[in-house]
Amino acid sequence: NPYNYAKYAVSKNNLQYIHQAVSNYTGNTTFYLQTKRNPKKTKYVRGNNSLLKRNDEKTIYEEVTVECDTVDNMFHDSKGSFALWIDAEGHGFEILEKSVNVLTNTKIIFIEVESKEFWKDQQLDTIVIDFLQNKGFTLLARDQEYPEQYNMIFTK
């Protein structure tokens, strides 16, 4: 989200804030910002934006083009272990499927999933669970954020 990036970008204490999408491919992609107008005609951009569109016809989007890369490409020469926090609005599985090398050294994963398709063409919770269990991860805990959307913590 270019608005979030402009507002929160920092570069200090060895922290690098990157304006880039993460998925299962490299190149440019469309990022869908859910928008609406307030009475003063100032744009308001919601926080739950995605590389996927919502499954409803009412949502209005501002489409922006951003660079996209995989986790494995972004951290191809990193040493040590990883902890992943994935809250990608229906796009978590795509991030995981091209993170195979990073997953080898990942100790813990926090990921938001849905049991109902809120986003067009999204992979549901059962696919994510099967994928991570096949990679040697164990489900440690989950919450109930909403009836069909929740967070899970996996460890290895």
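In this predicted model, Ile 108 stands opposite Thr 155 of strand 8. The two residues belong to a pairing of strand 6 with strand 8, which covers residues 149–155. These strands run antiparallel. Seven bridges join them.

Strand 6 also pairs with strand 5. Strand 5 spans residues 82–86, and strand 6 spans residues 106–114. Here the strands run parallel. Five bridges hold the pairing. Within it, Trp 85 has Phe 110 of strand 6 as its bridge partner.

Rolling a probe the size of a water molecule over the atoms shows where empty space is left. One cavity of 30 Å³ or more was counted. The largest cavity has a volume of about 50 Å³. Its lining includes Gly 90, His 91, Gly 92 and Phe 93. Glu 112, Val 113 and Glu 114 also line the cavity, as do Gln 122, Gln 123 and Val 128.

Two or more lining residues come from each of helix 3 (92–97) and strand 6. Strand 6 gives the most, with three residues. By residue class, the lining of the largest cavity divides into three nonpolar, five polar and two charged residues.

Key. Residues numbered from 1 in each chain as written. Predicted model: local features only at pLDDT ≥ 70, side-chain atom pairs only at ≥ 80, totals over all residues. Heavy atoms only, no water. Pairing = 2+ DSSP bridges. Helix = DSSP H or I, 4+ residues; strand = E, 2+ residues; numbered from the N terminus. 1 Å grid on protein atoms, 1.4 Å probe; cavity = no way out; pocket = protein on both sides within 12 Å on 5 of 7 lines; lining within 4 Å. Points joined across faces, edges and corners; volume = space filled by probe spheres on them. Nonpolar A, V, L, I, M, F, W, Y, C, P; charged D, E, K, R; others polar.
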